[in-house]
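Please open the model in a viewer and keep the selection panel at hand.

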Amino acid sequence: MSRDEKRHDPPFGEFSVPGPPEALRERVMQAAGAALERDPVPDRWRRVWESRAARLAWAVSVAGLLVAHAYITPRETAVRETASFNEEEITELARLPRIEPAALASVTLEPGAPEEEEDSL
Amino acid sequence: MDAMTDDLPVQGPDAGSEFNRLGAAEWRALFSDLAAGEPRALELLYDLAASRIFGLALWRTGSPEEAGDVVQDLFVRVASQRDRLRRVRDPKAWLLTVTRRLAVDAVRRRKRHAAEPVEDCPFLEAPGGDASRILDAQRASALLARLPDAQREAIYLHHHAGCTFAAIGDIVGVPTFTAASRYRLGIAKLRRLMEGKE
């Protein structure tokens, strides 16, 4: 942790930080030794992983999803056929309009001269 | 018992310099022994780290009694949560981080009950029994007591725990720049206090 920065002289470098009192060592070793003899406390993730309640909740969730999947069917689609066409109607609709023979006379087959486009300024 | 705990001699309680000198691999070996539940590894950890841990707790809480409690809580935590010690990548930083959190919790608990002044806290002590030096150390401690906790903590971590500003940032949970700023502001304030400008 030390080499990437310039070290500064400590303020009050002639003094030192007091160490722990002598009696603390025995107190700490006693408490820590007792903790060492007990089973180690599992960390948070292990507690969750090994928790009976969490496993039960997981199993209930999965079961619920399966039940929902099996019994709750999706509703019929909202778009419904309002009327059904029969074949004759479709044929009628698809038939091209007839051109009256009298109207044909007004149809010239010669191509007309293209209209001159007005030059725009 | 593996090589780590056999090789290192047990130090005296003020073996803070060992705390700074020990390499990352040696720290990890020690934590590996702790994870295996070795009682001697616990003693070795105390001899290596108690001084620095106590100092950090003292500078953060401003109370020797609370600092002692923090050290005890830390060691109980190390012993009871030893399973996770193998996964600790930087044991030294981990120790300082947990110590700091415990110290902050101790200060919060205290503030909830009664605000105790930290002016009388012996943040520093004079080597030897020279009365005038002892008085100077008390004066220096009184100046340190007037710093905000975060600035005092940054000065401790930098000078006494041998941490870079990046490491301080990781331990305290702030960006490196903020850690460096806290240090600089703390030193500047100390200078002003010593010159009687504040």
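A salt bridge is a side-chain nitrogen of Lys or Arg within 4 Å of a carboxyl oxygen of Asp or Glu.

The model is predicted, so local features need pLDDT of at least 70 and side-chain atom pairs count only at pLDDT 80 or more, whereas totals for chains, interfaces and linings use all residues. Residues are numbered from 1 along each chain as its sequence is written, chains are lettered from A and ligands numbered from 1 in the order in which they are written, and side-chain values use heavy atoms, with hydrogens and water left out.

**Stop 1: chain A**

Select chain A. Its elements run α-α-α-α-α from the N terminus, that is, 5 helices and 0 strands; helices (H or I, at least four residues) and strands (E, at least two) are DSSP runs, numbered from the N terminus. Of its 121 residues, 11% count as buried, where buried means under 20% relative accessible area, exposed over 50%, and partly exposed in between (1.4 Å probe, protein chains only).

**Stop 2: the interface**

Display both chains and select the residues in contact (heavy atoms within 4.5 Å). Chain B contributes 57 residues and chain A 36 residues. The size of an interface is often given as the accessible area lost when the parts come together. Here the buried area (accessible area, 1.4 Å probe, that two parts lose on being put together, summed over both) is about 3,800 Å², with carbon and sulfur atoms giving 66%.

There are 8 residue pairs in polar contact between the chains, both residues at pLDDT 80 or more. A polar contact is a pair of N or O atoms within 3.5 Å; within protein, one must be able to donate a hydrogen and the other to accept it, and residues adjacent in sequence count only if both atoms are side-chain atoms. On the side of chain B that touches chain A, α4(B) gives the largest share, 11 residues.

**Stop 3: salt bridges between the chains**

Select Arg27(A) and Asp69(B). Their side chains meet in a salt bridge of 2.8 Å, N to O, which crosses from helix α1 of chain A to helix α5 of chain B. Arg27(A) counts as partly exposed at 35% relative accessibility, and Asp69(B) is partly exposed at 37%.

Next, select Arg133(B) and Glu14(A), whose closest N and O atoms are 3.7 Å apart in a salt bridge. Arg133(B) lies in helix α7 of chain B, and Glu14(A) in the segment before α1 (22-37) of chain A.

**Stop 4: within chain B**

Select Arg100(B) and Glu153(B). This salt bridge, at 2.8 Å, links distant parts of the chain, helix α6 and helix α8, 53 residues apart. Are the two partners buried or exposed? Both Arg100(B) and Glu153(B) are buried.

Both residues are also among the contacts of Arg60(B), neighbours within four places in sequence being left aside. Arg60(B) belongs to helix α4 of chain B and is buried, with a relative accessible area of 13%.

Finally, select Ser63(B), in the loop between α4 and α5 of chain B. Ser63(B) is buried at 8% relative accessible area, and a polar atom of its side chain lies 3.1 Å from the backbone nitrogen of Glu66(B).
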